[in-house]
Amino acid sequence: MAPTGTIPAPGPLFWQFLVVIPGAIALAIGLYFKSIGITAHAFVFACFSLASVQCLFFSWWRRNVEGDLGMPKFVHLNSGATELVIITLRAYALSDSNNDNGDVDVDEVSRRNALAVATILTCGMMGGARWTWFVAVKKPLCFVPAALILVATIVTRPPTLPALDAAAFAAFLTGNVVAAKVWHFYNDDDEKQRAD
């Protein structure tokens, strides 16, 4: 399961799929709305919409976008599905409710919490991406799309939840550890066999 080199990482569409297209979409939307927050949301929406393709078309994704990272297929399937969940949570968080009576808006609280959950999930995934690109694949420049997602996530996180930053940081660290454990579980035997 270790990167074999037969499908070099990153793939030929890596930068287009994870930086150029999402960046262009986010820039266009951001210029229209004149808002950094909307630009950041748009980048996450665009990038994760494209990246979620990996849960449906894994072979294509591996061949054309990320290449062989040494991770098992289920990691990519779960990543794509989680990206769809994050998009859904963010869409709900950005939805509007009509509460004109001055009461506490329960929908507002649930939208804020949905964005908080999306923030934590995103930070966990980007922690896994950090470990994979820096340690497993040894191509730290390929962490740039994940770093952009992290910046966009920090810009758009709900500011009224004091424990969220700690939870997001813990998720980022956990993502690093989980990626390392999964990668080693699936690759250490392969490396031993090649050494024999």
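Predicted model: local features only at pLDDT ≥ 70, side-chain atom pairs only at ≥ 80, totals over all residues.
Helices are DSSP runs of H or I with at least four residues, numbered from the N terminus.

In the second largest pocket, α4 and α5 each contribute at least two lining residues. The largest share comes from α5, which supplies five residues. The lining consists of His-41, Ala-93, Leu-94, Ser-95, Glu-108, Val-109, Arg-111, Arg-112, Leu-115, Pro-158 and Thr-160. Sorted by class, these are five nonpolar, three polar and three charged residues. The volume of the second largest pocket is about 200 Å³.

For the largest pocket, the computed volume is about 690 Å³. Its lining comprises 34 residues, and those nearest the pocket centre are Val-75, Ser-79, Met-125, Gly-128 and Ala-129. Two or more lining residues are given by each of α1 (14-33), α2, α3 (58-66), α4, α5 (106-136), α6 (144-156) and α7 (164-195). The class composition of the lining of the largest pocket is 22 nonpolar, 10 polar and two charged residues.

Helix α4, spanning residues 73-94, packs against α2, spanning residues 36-51, with the axes 9 Å apart and at an angle of about 150°. Angles over 145 degrees count as roughly antiparallel, and α2 and α4 are therefore roughly antiparallel to each other. Their crossing is left-handed. On the α2 side, the contact is formed by His-41, Val-44, Phe-45, Phe-48, Ser-49 and Ala-51; on the α4 side, by Gly-80, Glu-83, Ile-86, Ile-87, Arg-90, Ala-91 and Leu-94. Eight of the residues in the contact of α2 with α4 are nonpolar, three are polar and two are charged. Among the residues of this contact, His-41 and Leu-94 also belong to the lining of the second largest pocket.

Helix α4 also meets α3, and here the axes come within 11 Å and cross at roughly 90°. This value makes α3 roughly perpendicular to α4, the class assigned to angles of 65 to 115 degrees. Phe-58, Trp-61 and Glu-66 represent α3 in the contact, while Lys-73, His-76 and Leu-77 represent α4. By class, the contact of α3 with α4 contains three nonpolar residues, one polar residue and two charged residues.

Terms used. Residues numbered from 1 in each chain as written. Heavy atoms only, no water. Axes fitted to C-alpha atoms, helices over the stretch in contact; angles between N-to-C directions. Parallel < 35°, antiparallel > 145°, perpendicular 65-115°, else oblique. Left-handed = near helix turned anticlockwise from the far one by under 90°. Contact = heavy atoms within 4.5 Å. Nonpolar A, V, L, I, M, F, W, Y, C, P; charged D, E, K, R; others polar. 1 Å grid on protein atoms, 1.4 Å probe; cavity = no way out; pocket = protein on both sides within 12 Å on 5 of 7 lines; lining within 4 Å. Points joined across faces, edges and corners; volume = space filled by probe spheres on them.
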